[in-house]
Amino acid sequence: METEQRKRILQLYEGLRVTDVNDGMDAVGLQNVGIVSRDIRPLWRNFDDFSHRICGFALTARFVPANQAIHASSVEEYKQLKKHWYKEIAPRPFADFIQDGDVVVIDGATNTDVGFCGSENTFSWINAGARGVVTNGGARDTDEIIKQKLPIYCGYIGRGIRPGRIQYDRHNIPVNIGGVLVRPGDLIVADGDGVVCVPIEKVEEVAVIAREIQNDDKASRRKHYEKAGLALDFTVL
């Protein structure tokens, strides 16, 4: 997709909520499609400016449970084996393809305790142009992530590292995130209510309806604000 087209689509979704988008999908015949499991939640929320919200195009990657372990006879050997694992067994080649406006979507489901998204690697993806991360896996270094305000939607808080636990499969492929098919280039919208994936074929149609729904909601809530004597804020303007 051309850069200008990506920008135009993102503008169509500027400020739209997950609920608006989900209702728009209902209207075009996509009931119960694209609604990511409620288990995948925002790691943090900012109610002053809603900076935890994200919207962007899916850049997908999949990691699978490891079927081998690290056996080292010394700390020095362990360090070398860990380095090899990061480089050869569980690298992150998808990071080289991040474009401005992407959302990194990682299928990393495993029964082990892995915090794939950490305070350093996630920061590097954001600095490369990613709007945030959605994963069925875990995040670690979460105090720093929250302090740095890196938008992550994850299945759990993990502690372990990749070596000895997961290995890289592929990227830029369809993945299963919270029971939803996410294809490269599909649109991801996430806020405090969770995550929804809009099939790219329907993004413009859904956006028009979602905007109508949001505008109607704002108009109704403005009346409530005024009746309650509250100052209007950006959520109703």
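**Rings, pockets and fold**

Student: How many aromatic pairs does a search of the whole structure find?
Tutor: The model is predicted, and ring pairs count here when their centres lie within 6.5 Å. Over the whole structure, the number of aromatic pairs found is 6.

Student: What kind of pair do the rings of Phe-50 and Phe-234 form?
Tutor: The ring centres of Phe-50 and Phe-234 are 5.2 Å apart, and their planes meet at 70 degrees. Planes over 60 degrees apart count as edge-to-face. The pair of Phe-50 and Phe-234 is therefore edge-to-face.

Student: How many residues apart are Phe-50 and Phe-234 in the chain?
Tutor: Phe-50 sits in the loop between β1 and β2, while Phe-234 is in the segment after α6. The pair thus links distant parts of the chain, and the separation is 184 residues.

Student: Is Phe-50 buried or exposed?
Tutor: The relative accessible area of Phe-50 is 18%. Buried means under 20%, so Phe-50 counts as buried.

Student: Which class of accessibility does Phe-234 fall into?
Tutor: Phe-234 has 44% relative accessibility. Exposed would need over 50%, and buried under 20%. Phe-234 therefore counts as partly exposed.

Student: In which strand is the ring partner of Phe-63, Tyr-168?
Tutor: The rings of Phe-63 and Tyr-168 have centres 5.6 Å apart and planes at 70 degrees, so this pair is edge-to-face. Phe-63 and Tyr-168 are 105 residues apart, with Phe-63 in β2. Tyr-168 lies in strand β8.

Student: Which residues do ring pairs link into a cluster?
Tutor: Phe-63 is buried at 2% relative accessibility, and Tyr-168 is partly exposed at 22%. Both belong to a cluster linked by ring pairs. The members of the cluster are Phe-63, Phe-94, Phe-116, Trp-125 and Tyr-168.

Student: Which residues lie nearest the centre of the largest pocket?
Tutor: The largest pocket has a volume of about 460 Å³, and its lining has 21 residues. Nearest the centre are Glu-14, Gly-15, Leu-16, Phe-50 and Arg-53.

Student: How many charged residues are in the lining of the largest pocket?
Tutor: Asp, Glu, Lys and Arg count as charged. Sorted by class, the lining of the largest pocket has 10 nonpolar and 3 polar residues, and the charged ones number 8.

Student: Which element gives the most to the lining of the second largest pocket?
Tutor: The second largest pocket holds about 240 Å³ of space. Its lining includes Met-1, Arg-6, Phe-57, Ala-58 and Leu-59, and divides into 6 nonpolar, 4 polar and 2 charged residues. With 3 residues, the element that gives the most is β2.

Student: What does α2 pack against?
Tutor: The buried residues of α2 are Val-18, Asp-20, Val-21, Asn-22, Gly-24 and Met-25. Just after α2, Gly-29 takes a positive phi of about 90 degrees. The buried residues of α2 pack against β11, β12 and α6.

Student: What is the radius of gyration of the chain?
Tutor: The chain has 6 helices and 12 strands. For 237 residues the globule rule gives 18 Å, and the value for this chain is close to it, so the chain is as compact as a globular protein of that length. The radius of gyration is 19 Å.

Student: What share of the residues in the chain is buried?
Tutor: Among contacts with a separation of 6 or more, residues 24 or more positions apart account for 74%. Of the 237 residues in the chain, the buried share is 46%.

Technical notes
Residues numbered from 1 in each chain as written. Predicted model: local features only at pLDDT ≥ 70, side-chain atom pairs only at ≥ 80, totals over all residues. Heavy atoms only, no water. 1 Å grid on protein atoms, 1.4 Å probe; cavity = no way out; pocket = protein on both sides within 12 Å on 5 of 7 lines; lining within 4 Å. Points joined across faces, edges and corners; volume = space filled by probe spheres on them. Helix = DSSP H or I, 4+ residues; strand = E, 2+ residues; numbered from the N terminus. Phe/Tyr/Trp six-rings, centres within 6.5 Å; stacked < 30°, edge-to-face > 60°. Buried < 20%, exposed > 50% of the residue type's maximum accessible area, 1.4 Å probe, protein only. Rg over C-alpha atoms; globule rule 2.2 N^0.38 Å. Contact = heavy atoms within 4.5 Å.
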